[in-house]
Amino acid sequence: MRNPKIGVVSLGCPKNATDTEVMLGLLNEAGFEVTFDNDEAELCLVNTCSFIGDARKESVRTLVELADQGKELIIAGCLAQHFKEELLTEIPEARAVVGTGDITKIVDVIKAVARDSSLRVVEVSDVPNNYDDEVLPRMVTGVGASAYLKIAEGCDHACTFCIIPLLRGKFRSRTIESLVKEARILVKGGVKEIILVSQDSSYYGLDIYNKMALPELLEALHEIEDLDWIRIMYCYPTETNRALLEAIKRLPKVVKYVDIPLQHSHPAVLSAMARPRNPEKVMDLIREVLPEAKIRSTFIVGFPGETDEQFEHLVQFIEKYRFDRLGVFTYSKQMEVPSGHMDNQLTEKVKKARRNRIMRLQHDIAFASNKAMVGQVIPVLIESFDESKKLYIGRSQWDAPGIDNQVYVRESAEAPVYMAEVNMVLVEEAKPYDLIGVAYSGTEQVVKAAVNEHDGALVTPVSISR
Ligand code: SF4
């Protein structure tokens, strides 16, 4: 099989997505043809996820589906790191497994299996501790004008429910110089929003600069012309300090959006999770330094031993802090991590009931937060056009791709809509998880609108005067 045409599937988190883009960039640079139509492919590179049970099932399902289509497989990512050579035994169509710390060896792996049809390769470091600070070639696959920038790999925390440190290794930051260089290339290619990702972005730099250097990184990225937005994903409670929040406030290109998974609120549950016990402290600090910011968080319900009282504590915490964006997950038992061996594992029925209760509560909080936006003029990064609705689709600075709200935008007589650009939009209507608005040219005077509390629709239209 000389120079096979390579198909690709990328599963899991944005960090995995950037690894996929780097592997495609390296293969492309080495002269391999990459296709996004797997029907055409002879060999499929599947970058897998193994974070929790459901993600693992999806990875295996994807591999089996491709194998059933007669595809030969290169298995990369967390499932490869997790199960290594076992995957070659379980999936005969697998020609190679490539670990999370071995993505830069992808070209050699594919050259080897292309040369010898009987060869099957295991390229998985026991402990992923690779350190790739150089700017690697990358095939950006994201939609619109956004790109992820992975600022570090691995994690030094040991949350008792999380398998990531086992699959991604210790925390390893890239240097500011290398990240700025890569960001400049992305912006030169038309990117307007750089989204900083890692397992714990607020920890950035502690391993190489002996201090939390995210503010310095933000300052350096802020110098890049033609870059409109810088977004930070995955902050950790105890490291989200005043210096970081003041840098977010001071730098106009840094969106006023704080993504901070808290996982729970009750000190006893947080202790059992091996996580910081006082989330109120960081929430009050964010509200004090960045009152204009919108906060995203995620919570786990049904952790082993979680009592009704502890769950009620979480419900009251969410009612008190009213998160603008929120994700809630049911605890997923895994034997590779300490919580899998804890007593008092709860039933799926209890876990689901608790998740649904929080989602009902969050529906009303999110809707109220969106209603308060009606009549405001906000910047929106336009990413696509919906032919059926004849509306443009974008995201506000308070919305990360794939997990948060969308803004539906129509053109106005005064203002066209520019694709892959940040446009000013007058919000006309609120939905629980989306906004609807009109392009705003900036010359019109906006008079405050009245909103029907029930469905977020306008009582009196937003009036525009010259
Ligand atoms: S900080 Fe995040 S990635 Fe690290 S162990 Fe905890 S949950 Fe996992």
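**Note on helix packing, the ligand shell and selected residues**

1. α7 passes α9 in a right-handed crossing, where right-handed means that the near helix is turned clockwise from the far one by less than a right angle. The axes of the two helices, α7 and α9, come within 10 Å and cross at roughly 35°. These axes are lines fitted to C-alpha atoms over the stretch in contact, with angles running from 0 to 180 degrees between N-to-C directions. On the α7 side the contact is made by Ile 176, Leu 179, Val 180 and Ala 183, and on the α9 side by Glu 216, Leu 217, Ala 220 and Leu 221. Contact means heavy atoms within 4.5 Å. By class, the contact of α7 with α9 has 7 nonpolar, no polar and 1 charged residues.

2. This is a predicted model, in which local features need pLDDT of at least 70 and side-chain atom pairs count only at pLDDT 80 or more, while totals for chains, interfaces and linings use all residues. Residues are numbered from 1 along each chain as its sequence is written, and side-chain values use heavy atoms, with hydrogens and water left out. Helices (H or I, at least four residues) and strands (E, at least two) are DSSP runs, numbered from the N terminus.

3. Helix α9 spans residues 214-222, and its buried residues are Leu 214, Pro 215, Leu 217, Leu 218, Leu 221 and His 222. Seen down the axis of α9, these buried residues fall within an arc of 160°, so they line one face of the helix. The arc is that of the directions from the helix axis to the C-beta atoms. Buried means under 20% relative accessible area, exposed over 50%, and partly exposed in between (1.4 Å probe, protein chains only). The cover over the buried residues of α9 includes β6 (146-150), α7 (176-188), β9 (193-197), β10 (229-232) and α10 (242-250).

4. In helix α12 (residues 279-289), Pro 279, Val 282, Met 283, Leu 285, Ile 286 and Val 289 are the buried residues. They cover an arc of only 160° around the axis, which puts them on the same side of α12. Lys 281 and Glu 288 are exposed residues on the face of α12 turned away from its buried side. The buried residues of α12 pack against α10, β11 (257-259), α11 (267-273), β12 (294-301) and α13.

5. Around the ligand are Cys 155, His 157, Cys 159, Phe 161, Cys 162, Ile 164, Pro 165, Gln 199, Tyr 236 and Arg 275, each with a heavy atom within 4 Å of it. This shell has 7 nonpolar, 2 polar and 1 charged residues. In this grouping Ala, Val, Leu, Ile, Met, Phe, Trp, Tyr, Cys and Pro count as nonpolar, Asp, Glu, Lys and Arg as charged, and the others, Gly among them, as polar.

6. Gln 310 is found in helix α13 (residues 308-321) and counts as buried at 11% relative accessibility. Leaving aside its neighbours within four places in sequence, Gln 310 is in contact with His 264, His 266, Ala 268, Val 269 and Gly 305.

7. Ala 420 is found in the loop between β16 (406-410) and β17 (422-430). Its relative accessibility is 25%, so Ala 420 counts as partly exposed. The C-alpha atoms of Ala 420 and Lys 192 are separated by 7.6 Å, although these residues are 228 residues apart along the chain.

8. Most residues other than glycine have a negative phi. Lys 84, in the loop between α3 (78-83) and α4 (86-90), has a positive phi near 45°. Arg 322, in the loop between α13 and β13 (325-330), has a positive phi of about 40°.
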